[in-house]
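Please look over the sequence and the structure shown here before reading on.

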Amino acid sequence: MSEPRIVVIDNHGQFTHLEGRALRDVGVDTDILDNDTDPADIDADGIVLSGGPDMDRVGRCAEYLDLDVPVLGICLGLQFIAKELGGRVESGDYGGYADVDVRITDPDDPLVGSLAPETRTWASHADEVVEVPEGFHVTADSDVCGVEAMSDPERDLYGVQWHPEVSHTERGQEVFENFVAICE
């Protein structure tokens, strides 16, 4: 079977190019697309919604949730999915990037379960999900934030607060490998 094609939607984040590279490193056909790309023009087996500075600059991301392919939201991407589907996002106490020890609360989760019982991550918590949407469950938390990751395997929607694509995150590549497996 050929490798899946996974596109990264650019929400103007500083690490978006690293998300594309992380996917290429696991042998995936990938492109980085602007977040105002017409959903009809997206031919992909999975979508990564990148991080970014501002929820008001997410373009057409809402439409990408309806493409019936797995979606992984990273940082702002996670917050966007939560807010768009009825969860709640609020300002966090920690705005700058820092090492965060994340506890995996669902070892069976297809995205982050393999990282159990905990992993060291690089994250900013300027904004964070405080209430997950209906159908989602929390799959990771930390002393800093109650929702470090969430999943809705029924709809194949996933998100992490941290940045798996940066070198400061331990086992970040494993998150991308797990997402690739979901997309296959």
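What covers the buried residues of α1? In this predicted model, the cover over those residues includes β1, β2 (29-34), β3 (46-49), β4 and α4.

**The helix α1**
- The residues of α1 that count as buried are Thr16, Leu18, Glu19, Gly20, Ala22 and Leu23.
- After α1 comes Gly27, which has a positive phi, near 85°.

**The nonpolar cores**
- The largest nonpolar core has 28 residues, and those that touch the most other members are Ile6, Leu23, Val48, Leu111, Val112, Trp162 and Phe179.
- Two or more residues of this core come from each of β1 (5-10), α1 (16-25), β4 (71-74), β5 (88-104), β9 (157-160) and α4 (172-183), and the largest share, six residues, is given by α4.
- Apart from this core lies another one, of 24 residues, which includes Ile42, Leu49, Val58 and Val69.
- Val112, when its neighbours within four places in sequence are left aside, is in contact with Ile104, Thr139, Ala149, Val160 and Trp162.
- As a general background, nonpolar side chains in soluble globular proteins tend to be buried together.

**The cysteines**
- With a disulfide taken as a pair of cysteine sulfur atoms within 2.5 Å, the count comes to zero.
- Cys145 is in no disulfide, and the nearest cysteine sulfur, which belongs to Cys75, is 9.9 Å away; Cys145 is also buried, with a relative accessible area of 2%.
- Cys183 counts as buried at 11% relative accessibility, and its sulfur is too far for a bond because the closest cysteine sulfur, in Cys61, is 16 Å away.

Conventions: Residues numbered from 1 in each chain as written. Predicted model: local features only at pLDDT ≥ 70, side-chain atom pairs only at ≥ 80, totals over all residues. Heavy atoms only, no water. Core = buried A, V, L, I, M, F, W, Y, C linked by side-chain atoms within 4.5 Å. Buried < 20%, exposed > 50% of the residue type's maximum accessible area, 1.4 Å probe, protein only. Helix = DSSP H or I, 4+ residues; strand = E, 2+ residues; numbered from the N terminus. Contact = heavy atoms within 4.5 Å.
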